[in-house]
Amino acid sequence: MKNINTRYGILKGLSYMNYYADGSIKECRLDDLNKLESPYGLLMPKYEYGEARSKHIPSITFYSNGNLKKIYLEKQTEVKTPIGILPAEFITFYENGGIKRIFPLNGKITGYWSEEDEYNLAKQIEIDVSIGKLKEKVIAVHFYENGSIKSITFWNKNNIEINCPLGDVSVRIGISFYEDGKLKSFEPAKPTAVPTPIGTIVAYDTGAMGIHGDSNSVKFSSEGRVKSLITSTDTIEVINKEGEKKLYKPLLKQSVIDENFIEIVPLNIEFYEHKVKFTNDIHHKFPIEYSVDQCNFYIKSSPLKESSPCSSCTGY
């Protein structure tokens, strides 16, 4: 097996290699111990893949300029980051060399290794952000190129209390930030009353997937005003200055998982320039803008039912 010289040191024991068109290394898998010198500390790429939780992905991926793009570490390693030392098993980088995302764990969820097993390995880490000091188990921390935190993704089973422009709220999945550190969005852990320019609306997304915390149901402007939210419970009646009425509400569709159930298609509501618009994934492809000052808005909340039996699954 050939060796390859990189700006981080010589790689040996390569069992798989892929190259760019110019012949530079793109990605590789290792079978031997290697230690790479990096600005973030000494990094040991994955070389033993026999564990139940090992992912069968390349040990290292490079950009065409030779900088690291991704590295799968042999074991959890303390890594220097823009916010201090964090544990990592998998790291992605920007092309300029800065850390993009850091994952404290990187186990493969299978019948032999469950999410519960992976969660039990996770340790709480402390992170200082504009909304206070967090001490939580996290799936990933996402950075901007300037090194400030872009988002934090939490484990699905964790509900975290934070202070935001609305006051104290319970969040799940994730939170995101602007480059200056101000809170950009959060995912409500439960139906949460949110004051808006058209009245108080209950925010909650039954379809939130929990993949990452970059984009969430409740979004703020950089000044801390509510920019948009998603509701799974509220119906909004709009009456314009001509007296015309229009209803906007979450819709229903047949579940793609179980055809005997229907699920909610939440309603997305956006606020900008004294205007509001309503959209969802089924209808309202070309949403109408309404002037907040020239219309009346009446909001009705209903109890949350995330899924329900479907007798005929028609009329949704």
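Ile173 is buried, with a relative accessible area of 6%; buried means under 20%, exposed over 50%, and partly exposed in between, using a 1.4 Å probe and protein chains only. Before going on: this is a predicted model, where local features need pLDDT of at least 70, side-chain atom pairs count only at pLDDT 80 or more, and totals for chains, interfaces and linings use all residues. Residues are numbered from 1 along each chain as its sequence is written, and side-chain values use heavy atoms, with hydrogens and water left out.

Ile173 sits in strand β16, residues 167-177. Strands here are DSSP runs of E, at least two residues, and helices are runs of H or I, at least four, numbered from the N terminus. Ile173 has a positive phi of about 60 degrees, though it is not a glycine. Most residues other than glycine have a negative phi.

Glu273 also has a positive phi, near 50 degrees. It lies in the loop between β26 (267-272) and β27 (275-279). Is Glu273 buried or exposed? It is exposed, at 66% relative accessible area.

Gly23 is in the loop between β3 (14-19) and β4 (25-30), and is partly exposed at 47%.

Now the sheet. It is open, with 3 strands in the order β23-β22-β29 and antiparallel pairing; two strands pair if DSSP finds at least two bridges between them. The edge strands, β23 (245-248) and β29 (296-301), each pair on one side only. Strand β22, residues 234-239, is joined to β29 by 6 bridges. Ile236 stands opposite Ile299 in β29.
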